[in-house]
Amino acid sequence: MSQKDNVMQAKDLQKVSTASKVTQVLVKFGVYAFLIIMALIVLFPFYWMIISSLKDLSEYRAPTPTFWPNKVVWDNYPMAFSTANLGQLFMNTAYVGIVSTLLSLVITVLSAFAFARLEFKGKETLFGLLLATMMIPGELFTITNYLTVKNLGWMDTFEALIVPFLVSVFYIYLLRQNFMQIPNELYLAAKVDGCKDLKYLWKVMIPLAMPTLISITILKMMGAWNSYVWPNLVTKSDATRLITNGLRNAFSDSTGDVNYPVQMAAVVIVSAPLFMVFLFLRKYIMAGVSRSGIKG
């Protein structure tokens, strides 16, 4: 091959390399542009919620919407807190969330340990039946749960908000898969040394599965915080009403007119804890789910 042919081949390779780099840059630009557009679409409702909470009612009802308040009204926030009695609603929601989460963790840990390590007749069949219930929409249980709660005399009590949702098949499955990744040799060695099952669970399996337990705790608390349909069915008084239900009619007067900026301020206050939880603890949620794997 002559020197001229070598030069031509080198130029061709350079052109191909340049075209490849341009293609990579264009693909990367397209991906980032798409992600930015999607992020703006997702974030815009939250932005609109915040600026709406800082407007007065006349500006909110103006025919032409404004994308920033002409006059920032900070008084909407203390007014929202007092009008909706958010202090009581926060306490009720926190009580239901904490108690239901703790009890649910106990049930989930014991059930997952039994399905992961203990041997008993019909274990796989029972676990399969539990998984099958995940295919049934939760709304189908609403009527039967309502009748059960009513017959037990639990209407308008915290028991009605806590007890029906203590067992989560999904959480049991998630933790059971995490427990299955722990070598069974550790359990057998502990049994040889005379270690009881509960001690082994507390000393070995729970520490190793802590990321998944943290994820379950966060998800359970967020579920209690966002619950709306069921609390609206079983609670009527302010003593047991949760925060999502308390915001529904707290800002309407006798004529049905709603002070939307104050209501938006209340929504911002209620949403802030969830934003903080997701912002600072999202890595634990991802770690817990990724560690659960698919083994078993």
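Predicted model: local features only at pLDDT ≥ 70, side-chain atom pairs only at ≥ 80, totals over all residues.
Local features need pLDDT of at least 70, side-chain atom pairs count only at pLDDT 80 or more, and totals for chains, interfaces and linings use all residues. Residues are numbered from 1 along each chain as its sequence is written, and side-chain values use heavy atoms, without hydrogens and water.

Helices are DSSP runs (H or I, at least four residues), numbered from the N terminus. The axes of α4 (residues 86-116) and α11 (residues 210-226) come within 9 Å and cross at roughly 140°. Axes are lines fitted to C-alpha atoms over the stretch in contact, and angles run from 0 to 180 degrees between N-to-C directions. The two helices α4 and α11 are therefore oblique to each other. Nonpolar means Ala, Val, Leu, Ile, Met, Phe, Trp, Tyr, Cys and Pro; charged means Asp, Glu, Lys and Arg; the others, Gly among them, are polar.

A second pair is formed by α5 (123-133) and α8 (169-180). Their axes come within 9 Å and cross at roughly 130°. The crossing of α5 and α8 is left-handed. Here E124, F127, L130, L131 and T133 of α5 meet V169, Y173 and R176 of α8. Five residues of this contact are nonpolar, one is polar and two are charged.

The largest pocket is lined by 32 residues. Among them, G138, F141, P164, F165 and V167 lie nearest its centre. The lining divides into 22 nonpolar, eight polar and two charged residues. Helix α11 gives the most to this lining, with four residues.

Technical notes
Parallel < 35°, antiparallel > 145°, perpendicular 65-115°, else oblique. 1 Å grid on protein atoms, 1.4 Å probe; cavity = no way out; pocket = protein on both sides within 12 Å on 5 of 7 lines; lining within 4 Å. Left-handed = near helix turned anticlockwise from the far one by under 90°. Contact = heavy atoms within 4.5 Å.
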